[in-house]
Amino acid sequence: MKRRTKTAAAAVLMIAFTFLVLFLFQALLVPKYMSGVREGALIQEYYRETTKHDVIFIGDCEVYENISPVTLWEEYGITSYIRGSAQQLVWQSYYLLEETLKYEKPDVVVFNVLSMKYNEPQNEAYNRMTLDGMKWSSSKAQSVKVSMTGDENFASYVFPLLRFHSRWSELTKEDFRYMFSRDTVSHNGYLMQVGTKPVTTMPKTEILDNYSFGENAWQYLEKITDICRENGIKLVLMKAPTIYPVWYEQWEKQIEEYADKNDLLYYNFLETMDEAGIDLTTDTYDAGLHLNVEGAEKLSKYFGKILVQECGLSDNRKDEALSEVWREKICAYEAEKEQKYRESEQSGNNQKG
Amino acid sequence: MLFTSLEFILFILGVFVLYYIVPKRFQWKLLLIANVFFYACAGIGGMVFMGVTIVTSYAATVCMDRLQKKADNCIQSQKGIWTKEERKAYKKQVKKRKRNILLDCLFINIGILAILKYTNFAIANINGIAAAFTGNGVLAYTDFVLPLGISFYTFQTMGYVIDVYRGKAEAERNIFKMALFVSFFPQLIQGPISRFGELKETLYKEHNFVFKNVLFGVERILWGYFKKLVIADRILVAVNTIIGQPSEYYGFYVFLGMIFYAVELYADFTGGIDITIGIAQVLGINLTENFERPYFSKSIAEYWRRWHITMGAWFRDYIYYPMSASVPVMKLSTFTRKHFGEAVGRRLPVYLVMFTVWFATGIWHGASWNFIVWGLLNCTVILISQECRPLYEKFHAKFPKLKDKCGYKCFQIIRTILLMSVLRLLDCYRNVPMTFCMFSTMFTRFNIGSVLGGGLLTLGITVYDYAVVGLGVMLLFMVSMLQRKGSVRERLYEKSVVVQYFAVLFLLVAIIIFGAYGIGYDANQFIYNQF
């Protein structure tokens, strides 16, 4: 009996040690996204939030590079968070929202409609950036299932080591430094970019075979609408004021019809750029794909006003506890802005400077 | 289901657990269900052909067995009544009936294999000849899908049918047990080609969970995956680059490709066999060994006794021996001795039989001329070396101490590896004229400087990959050296549990970290699967 117990204990110990070793290798080998492609770090930062939010933004780079939650707070006292990620697909937005609702119930959800153009899983690297950062839940499992491209498998999401094992030959100091903890790279999901690269050419409008959004995309937009309705959340649709990639008239019409039919607010900021004061010769850092921090702040000021007026959001700045939290966020935001300006000036990128 | 896929690993884990949970009398039935599932994953169509092989072989063996038993009883009952001639005539009659059954069975099964595997090859040749005269091919190609492991299970089953015919094996009366023998999933992909008499000893037996067996099996499986994923699939990229772009990669690249392919093929094939034998061992089933450190062979003949042993033995037992002892060959032997003298006459029939066997070996590997030429060249090298034996003996008589010198042994080993590697170029390029052309560039287009001066890094693998393969090959070599003194696992088993655990952990971590699998690597089937 004693021997059997000893054997069992040894077996358990060995199995535990095996998992520990594999866990350590996994921690070392998974990408950290702390420099270079920082977009991969966005999704997991949400879990560090200690307060609830009035507004949750979901969508692709058109939200996480064009909206500044700090400006929304400073100007209107709106608390918000961007659950955005690179090339976030509609179903990923839906499952992120479903997961978010397990943590909090915002008054407003804003969904950027550019991703409606995708009806199929697109790219493994972008999937990883959206999905690996999510905590395990039924939402993540479902999102993985519907997002996988042909050469991916579910097990590699459960054990990312199976996907990233080959990174052993490209390890850097960053991988060792951030094995167990990561820095915060965003400001409530906003990825700050400075510098100016003005728009010099307008995008070529290629003729498409079919302008109708796909069935899958519609199905998940429908789901987003339903889940918001069920939870008494106001859903707002938006299209960011960036001219790349092309946003077709035909797409615009479909979204307008959908918004009308479902009694949703829809704002295409491409049409109100002048009103918002956005100038794509100064407010974009990559020639019209995304806004720089000045552009994002302008858009946030403009959008914040709409949110207050149309969605009845109240000013939270009088809340001491919240103000304390946001004071720290503002400090971090300003510090990064200052540092980035300095770096940009040094490298001569900021033509505005 | 690829052996290297996660699905397969989950599948075998499920089989292992269920195998030791179910009542022991159901173990073989569980394996049969597992076989059906495994085979169905490769396509339901293939199951039809395997079904035909199982049913026809079952019917043939049972009929032959019944016939033989009936004949034995009859002879017994007629003892003292029949004359010697009557008994002889009756035996002859029974043998003829058995032979007819055997031939029918062979005709059906070899026919299926031939039609599915060789129709397009035949059409290509007919079209080639027709094109030479008319400028156009005359026949359309077929799009038959080759069922998984058809060459292996057909050979294994036909071996069994012939054994029953010869009275060397008893016919299995339970068709489901017979089906299990034909379809045993670990060996379907690339062998080994088992003999019924040996396999049945453990295949149908009830097995207790024996820790040592399971541990040894798991160790062997891990070792197989290490060879396949860490070495073979990593060097494969370089091999494919060299073979795929002959206009760019010639001269010394061909030499490198040849050596890389030798490493890849060995790690791939022996790795697959390790996985197969390891799985069987976990289940308590003993499979025949298929390799005995073939790269330590000092001659081609020795190499073929140590490489793909079960295939060589199959060709020896079911083609070489029967052909050598057949009436036409005997008659030919008499004829040649009479007309060409003892020395030549004795050799000619043997050579003919050997060329036939090697032709069959070549075409078994693939339905194309490169494999046939490869087989015939192997035979030629073996025969030349046989014919040169007096010369060697003379040489060694002059230098008697040389044979035992380590340097000379190394020379013999390297010579064998190089010879085998050169012949395998036919397997690499899969085109006879192209192979000879590329081989000749090794001696006509010298580019060793550019290859070593950065060319190696244009082959699709990095310095790190070379380092991993290099270390992997060193480990392979060390293990092979240790194996010469006995089983490495037995020796490891004598060490403390901690040492054993760390050995297994090392292999597991090495496979997971350094294995060439997942996104960025193509899922590679084992090379021998295509044969």
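How far apart do the C-alpha centres of domain 1 of chain B and domain 2 of chain B lie? In this predicted model, the separation of the two centres is 29 Å. The domain assignment of chain B places domain 1 at residues 6-208 and domain 2 at residues 310-423. The two domains of chain B also touch, with eleven residues of domain 1 in contact with seven residues of domain 2. On the side of domain 1 of chain B that touches domain 2, helix H4 (84-134) and helix H5 (150-166) of chain B each contribute at least two residues. By residue class, this side of domain 1 of chain B consists of six nonpolar residues, four polar residues and one charged residue.

Chain B as a whole contains 20 helices and zero strands. Its radius of gyration is 26 Å, which is close to the 24 Å given by the globule rule for 531 residues, so chain B is as compact as a globular protein of that length. Taken along the principal axes, the box filled by the C-alpha atoms of chain B is roughly 85 × 70 × 60 Å.

Two of the helices of chain B can be followed in more detail. Helix H1 (residues 6-21) and helix H2 (residues 27-41) of chain B have axes that come within 10 Å of each other and cross at roughly 165°. Because angles over 145 degrees count as roughly antiparallel, this crossing angle makes H1(B) roughly antiparallel to H2(B). The crossing in which H1(B) passes H2(B) is right-handed. From H1(B), the contact is made by Phe11(B), Val15(B), Leu18(B) and Tyr19(B), while H2(B) provides Gln27(B), Leu30(B), Ala34(B) and Phe38(B). Of the residues in this contact between H1(B) and H2(B), seven are nonpolar, one is polar and none is charged.

Chain A, by comparison, is built with both kinds of element, having 15 helices and five strands. The C-alpha atoms of chain A occupy a box of roughly 80 × 50 × 45 Å along the principal axes.

Where the two chains meet, the contact takes 19 residues from chain A and twelve residues from chain B. Helix H20 (residues 497-514) of chain B supplies six residues, the largest share of the side of chain B that touches chain A. That side of chain B divides into nine nonpolar residues and three polar residues, with no charged residue.

Some features of the backbone remain to be described. Most peptide bonds are trans, and most residues other than glycine have a negative phi. In chain A, the peptide bond from Tyr244(A) to Pro245(A) is cis, with omega near -15°, and Pro245(A) is located in the loop between strand E4 (234-239) and helix H12 (249-261) of chain A. In chain B, a cis peptide bond joins Gly191(B) and Pro192(B), with omega about 5°; Pro192(B) lies in the loop that runs between helix H6 (175-183) and helix H7 (196-203) of chain B. Asn188(A), a residue other than glycine, has a positive phi, with a value near 55°. Asn188(A) is found in the loop between helix H10 (173-177) and helix H11 (215-230) of chain A.

Technical notes. Residues are numbered from 1 along each chain as its sequence is written. Chains are lettered from A and ligands numbered from 1 in the order in which they are written. This is a predicted model: local features need pLDDT of at least 70, side-chain atom pairs count only at pLDDT 80 or more; totals for chains, interfaces and linings use all residues. Axes are lines fitted to C-alpha atoms, for helices over the stretch in contact, and angles run from 0 to 180 degrees between N-to-C directions. Helices (H or I, at least four residues) and strands (E, at least two) are DSSP runs, numbered from the N terminus. Angles under 35 degrees count as roughly parallel, over 145 as roughly antiparallel, 65 to 115 as roughly perpendicular and the rest as oblique. A crossing is left-handed if the near helix is turned anticlockwise from the far one by less than a right angle, and right-handed if clockwise. Ala, Val, Leu, Ile, Met, Phe, Trp, Tyr, Cys and Pro count as nonpolar, Asp, Glu, Lys and Arg as charged, and the others, Gly among them, as polar. Domain bounds come from an automatic or database domain assignment. The radius of gyration is taken over C-alpha atoms; the globule rule is 2.2 Å times the number of residues to the power 0.38.
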